[in-house]
Amino acid sequence: KGITRVSLFVDPFQFDEAQGQALLAIKPDHIELYTEKFSDAYHQTHRAQVTAEYVRVATWAREHGIGVN
């Protein structure tokens, strides 16, 4: 009888306080960041702004004890 690990996909551009509170209630082991916008922006001039959103959500998760894949 093992432990079930949970990982949820999160879109950094939709992430807000309500989603953060929901994650705290669900207590997933990890989140996975939906990366389509990162991929689309990789060779664009706005890459830094897009990357900042991923960093914001990843930092929030780590500060709340949630791993990031």
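Contact here means heavy atoms within 4.5 Å. The model is a predicted one.

Q: What makes a residue a contact of Val 50, leaving aside its neighbours within four places in sequence?
A: Heavy atoms of the two must lie within 4.5 Å. Phe 13, Lys 37, Phe 38 and Ala 41 are in contact with Val 50.

Q: Why is Val 50 called buried?
A: Buried means under 20% relative accessible area. Val 50 has 8% relative accessibility, so Val 50 counts as buried. Its place is in helix H3.

Q: How far apart are the C-alpha atoms of Val 50 and His 64?
A: They are separated by 22 Å. Along the chain, the two are 14 residues apart.

Q: What makes up the largest nonpolar core?
A: This core has 13 residues. Val 10, Leu 23, Ile 31 and Leu 33 have the most contacts inside it. Strand E2 (30-33) and helix H3 (47-63) each give two or more residues. H3 gives the most, with six.

Q: Which residues does Ile 31 touch, not counting those up to four places away in sequence?
A: Among them are Leu 8, Val 10, Leu 23, Val 57 and Ala 61.

Q: What makes Phe 13, Phe 38, Tyr 42 and Tyr 54 a cluster?
A: Ring pairs link them. Two rings pair if their centres lie within 6.5 Å. The structure holds four aromatic pairs.

Q: How do you know that Arg 47 lies over the face of Tyr 42?
A: For Arg, CZ must be within 6 Å of the ring centre and within 35 degrees of the ring normal. Arg 47 is at 5.0 Å from the ring centre and lies over the face of Tyr 42.

Methods: Residues are numbered from 1 along each chain as its sequence is written. This is a predicted model: local features need pLDDT of at least 70, side-chain atom pairs count only at pLDDT 80 or more; totals for chains, interfaces and linings use all residues. Side-chain values use heavy atoms; hydrogens and water are left out. A nonpolar core is a set of buried Ala, Val, Leu, Ile, Met, Phe, Trp, Tyr and Cys residues joined through side-chain atoms within 4.5 Å. Buried means under 20% relative accessible area, exposed over 50%, partly exposed in between (1.4 Å probe, protein chains only). Helices (H or I, at least four residues) and strands (E, at least two) are DSSP runs, numbered from the N terminus. Rings of Phe, Tyr and Trp (its six-membered ring) pair if their centres lie within 6.5 Å; planes under 30 degrees apart count as stacked, over 60 as edge-to-face and the rest as tilted.
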